[in-house]
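Me: I am new to this structure and would like to learn how to read it. Could you take me through it one feature at a time?

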Amino acid sequence: MSQWKQIQQLEIKYLEQVDYLYDDNFPMEIRQVLSDWIESQDWDMAANHESMATVLLRNLLSELDRECSQENNFLRRHNLKNIIKQLQIKYKAYPLLMAGVISTSLKEERRIIATASIQEQGPLEKSMQNSVAFERQKNMDNRLAVIRSNVQMLDQAVKCLEDMQDDFDFRFRTIQSRDPVDRNTELMKHEVSRLQEMLNNLDLKRKENLSKMSDVIKEIDALIASQLNPELMEWKRRQQINCIGGPLLTGLDQLQNWFTLTAQSLFQMKHQLDKLGQLILKVSYASDPISLQRPQLEEQVKYLIDHLIKSSFVVEKQPWMPTHPQKPLIIKPGVQFTTKVRLLVKLPEVDYQLKVKTIFDKDLPPGRVRRQFFILTSTHKVMDVEESSNGCLSVEFRHLQLKEKKYVNGTKVNEGPLSVMEELHSLSFEAQFNILGINIDLETCSFPLVVSSSLSQLSGCWASIMWYNLLTDKPRNLGFFASPPQASWGQLSEVLSWQFSTFTGRGLNREQLCMLGEKLMGQQASHNECQVSWSKFCKENIPGKPFSFWMWLDSILELIKKHLLPIWNDNCIMGFVSKETERACLKDKEPGTFLLRFSESHLGGITFTWVKQSDSGEAKLISVEPYTKSRLSALPFANIIRDYKVIVDGEVPENPLKFLYPDIPKDESFRRHYNSQQSKVFPYISSTWIPISTLQ
């Protein structure tokens with residue numbers, strides 16, 4: 001069944017999540033009309049190769065043109081034409097962006113399908129989809145609308161104040177221009193009295209406006225502290241969870257809108273205060289409230305502008321290597337990596353030259369790490385307005401590379417106390433600019449990085465990234481692994497399931513996670529609150545085995561991804577089954593019933609166990625030696641199951657595998673995965689490899 005058909009069969013609560021994936025960047029109409037074609041393309045690879053992305057964009061538009069020409073419904077044909085036009089405008093110059101959008105959508109669909117197959121969501125995923133968030137957003141929108149309205153009314157009030165002052169100034173100058181002889185007349189006394197009344201009203205209006213300004217500034221300050229900053233922190237936490245395979249990261253455009261509206265209100269108030277400063281140049285007097293209160297209000301507004309813009313400087317895309325797009329925050333020296341920063345506040349002018357500088361391991365405490373690195377490529381780049389981010393400034397560094405320092409100040413770098421995978425680094429970004437007379441120093445940093453010296457270290461480095469981002473939201477806790485905290489099994493099991501849904505398209509069910517928990521912690525794993533140490537997860541060997549739990553699990557992930565993906569996603573592999581559970585499943589089954597499970601004694605191995613009836617009539621379970629990547633590279637696993645033979649006491653070989661557990665005929669489950677293509681080696685006849693075991 002195609003992925004899109006699986007999506008359409010989901011419950012409404014999951015369909016709502018799917019609906020959130022699609023917007024003008026990737027309309028759902030395209031997904032519906034070209035579902036089979038889209039799923040048959042390699043969007044992951046295209047997202048990292050511009051030439052391939054360009055070809056796929058051209059083919060996508062061609063497929064849409066074809067569908068449009070065949071469409072009889074006028075309205076639908078009209079919509080398709082508009083979509084084609086929008087895609088050409090949006091992606092013609094940015095084919096990589098299109099490939100990335102589609103790749104992300106397909107991955108998120110697979111994650112939603114995997115989540116739906118598990119009866120209960122984990123605590124992390126539930127927290128990412130909190131229903132209270134919608135109410136918070138509504139409250140934020142309402143508060144911003146009130147603030148914007150109050151700022152607009154202050155504009156009118158300042159204009160009214162200016163008109164009152166102009167009237168007063170005109171009358172005052174008129175009286176001043178009168179002949180001194182006329183100043184003691186009754187008419188003149190009446191004019192002076194009227195002028196004093198105008199001054200009193202002007203003073204009252206100035207106080208009233210300044211009081212309203214103070215109230216609005218307090219409301220903006222409270223909004224930033226109580227809602228805007230927490231929303232930004234929550235987005236960054238969701239970004240951490242997304243980095244380790246969690247739900248799709250959304251909400252940045254919404255944050256940008258809130259930051260921009262808040263900034264626009266502050267910019268407007270700065271102009272209003274500047275206007276008041278101009279007014280007192282014309283008319284001022286003893287105890288003038290503008291002279292007394294304006295400096296303090298202006299300092300408050302400047303502080304809020306400075307704080308808001310600094311907070312809005314974020315890492316939109318955490319550092320990642322195009323060679324390993326699903327494992328961000330791991331960098332290898334000499335291999336290019338990419339990252340992107342964005343300013344969430346739309347600036348009132350477009351000619352700002354924001355030059356961003358990247359710095360690796362800025363202000364790193366001495367002795368913290370054993371290795372030191374520097375950025376080999378250009379470290380400066382100018383931010384530009386990006387159409388896809390609704391006009392905000394952003395910059396993407398696509399070709400950064402690290403190089404290790406072998407010597408520092410002429411001395412060879414010594415080894416530090418931590419292993420490579422526990423050694424955390426940082427990538428910082430800095431920029432400076434001036435707006436409305438305010439000098440602003442921008443600085444932000446990536447989440448902690450792990451620098452892998454070789455591909456063999458990649459597995460351990462990824463374990464570090466998962467552990468860190470699961471258990472802390474501190475952005476630069478580089479000493480985290482000096483004393484790493486424990487994780488609850490409830491948290492850890494959810495992240496492990498995400499690894500399978502991210503890398504293979506299908507997460508783990510409750511029974512599979514239970515087996516993993518028992519393997520890691522024993523029978524106590526039935527409780528989600530059981531604590532797992534970092535050392536037990538990744539550093540200590542499994543009792544009686546020469547490898548750790550994570551090394552064993554990650555080798556299975558690699559095996560599925562490279563050799564077993566179709567049959568894994570077709571749910572043919574039971575996978576994580578203890579030998580006790582295996583016996584309980586098969587002991588009462590018909591002879592020839594078999595199941596597929598991952599080996600507990602081999603790294604990256606899969607075996608099958610089948611039921612054989614003994615001479616006494618009892619069920620006997622037999623398991624074949626596990627198949628690893630070296631053997632599966634030569635022969636597809638589905639073909640092994642189809643062609644497998646057993647020789648018993650020299651008799652005619654036969655295939656003992658008849659029914660996939662619980663009772664599905666073997667060919668019914670595996671036929672579509674058989675590779676029956678014959679090699680043509682004319683004039684020779686072709687040969688076939690047949691796996692055979694011998695039983696005594």
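**Reading the model step by step**

Reply: Happy to! The protein has 22 helices and 24 strands, where helices (H or I, at least four residues) and strands (E, at least two) are DSSP runs, numbered from the N terminus. This is a predicted model, in which local features need pLDDT of at least 70 and side-chain atom pairs count only at pLDDT 80 or more, while totals for chains, interfaces and linings use all residues. Residues are numbered from 1 along each chain as its sequence is written, and side-chain values use heavy atoms, with hydrogens and water left out.

Me: What percentage of the residues of the protein count as buried?

Reply: Buried means under 20% relative accessible area, exposed means over 50%, and partly exposed lies in between (1.4 Å probe, protein chains only). Here 48% of the 696 residues count as buried.

Me: And how many of the contacts join residues at least 24 apart?

Reply: A contact means heavy atoms within 4.5 Å. Among contacts between residues at least 6 apart in sequence, 71% join residues at least 24 apart. Gln-6 belongs to helix α1 (residues 3-8) and is partly exposed, at 30% relative accessible area.

Me: How do I read a pair of packed helices?

Reply: Two packed helices are described by the angle between their axes and the distance between the axes. Axes are lines fitted to C-alpha atoms, for helices over the stretch in contact, and angles run from 0 to 180 degrees between N-to-C directions. Take helix α6 (residues 50-70) and helix α7 (residues 74-91): their axes come within 9 Å and cross at roughly 165 degrees. The two are therefore roughly antiparallel to each other; angles over 145 degrees count that way, under 35 as roughly parallel, 65 to 115 as roughly perpendicular and the rest as oblique.

Me: Is the crossing of α6 and α7 left-handed or right-handed?

Reply: A crossing is left-handed if the near helix is turned anticlockwise from the far one by less than a right angle, and right-handed if clockwise. For α6 and α7 the crossing is left-handed. Residues making the contact include Leu-57, Leu-60 and Leu-61 of α6 and Leu-80, Ile-84 and Leu-87 of α7. By class, the contact of α6 with α7 has nine nonpolar, one polar and four charged residues. Ala, Val, Leu, Ile, Met, Phe, Trp, Tyr, Cys and Pro count as nonpolar, Asp, Glu, Lys and Arg as charged, and the others, Gly among them, as polar.

Me: At what angle do α14 and α15 pack?

Reply: Helix α14 (residues 458-471) and helix α15 (residues 489-503) pack at about 130 degrees, with their axes 11 Å apart. That makes α14 oblique to α15, and their crossing is right-handed. Trp-462, Met-466, Trp-467, Leu-470 and Leu-471 in α14 meet Gln-491, Leu-492, Val-495, Gln-499 and Phe-503 in α15. This contact of α14 with α15 has eight nonpolar residues, two polar ones and no charged ones.

Me: How many salt bridges are found in the whole structure?

Reply: A salt bridge is a side-chain nitrogen of Lys or Arg within 4 Å of a carboxyl oxygen of Asp or Glu. A search of the whole structure finds 34. One joins Asp-163 and Lys-159, with the closest N and O atoms 3.2 Å apart. Being four residues apart in helix α10 (residues 132-176), these two are separated by about one helical turn. Another joins Glu-298 and Lys-270 at 3.6 Å, N to O. That pair links distant parts of the chain, with Glu-298 in helix α13 (residues 289-311) and Lys-270 in helix α12 (residues 252-282), 28 residues apart. Both Glu-298 and Lys-270 are buried. Arg-136, Glu-231, Glu-234 and Arg-238 are linked in a network of salt bridges.

Me: What should I look for in the backbone?

Reply: Most residues other than glycine have a negative phi, and most peptide bonds are trans. Ser-287, in the loop between α12 and α13, has a positive phi of about 60 degrees. Leu-329 has a positive phi near 75 degrees and sits in the loop between β1 (313-320) and β2 (330-331).
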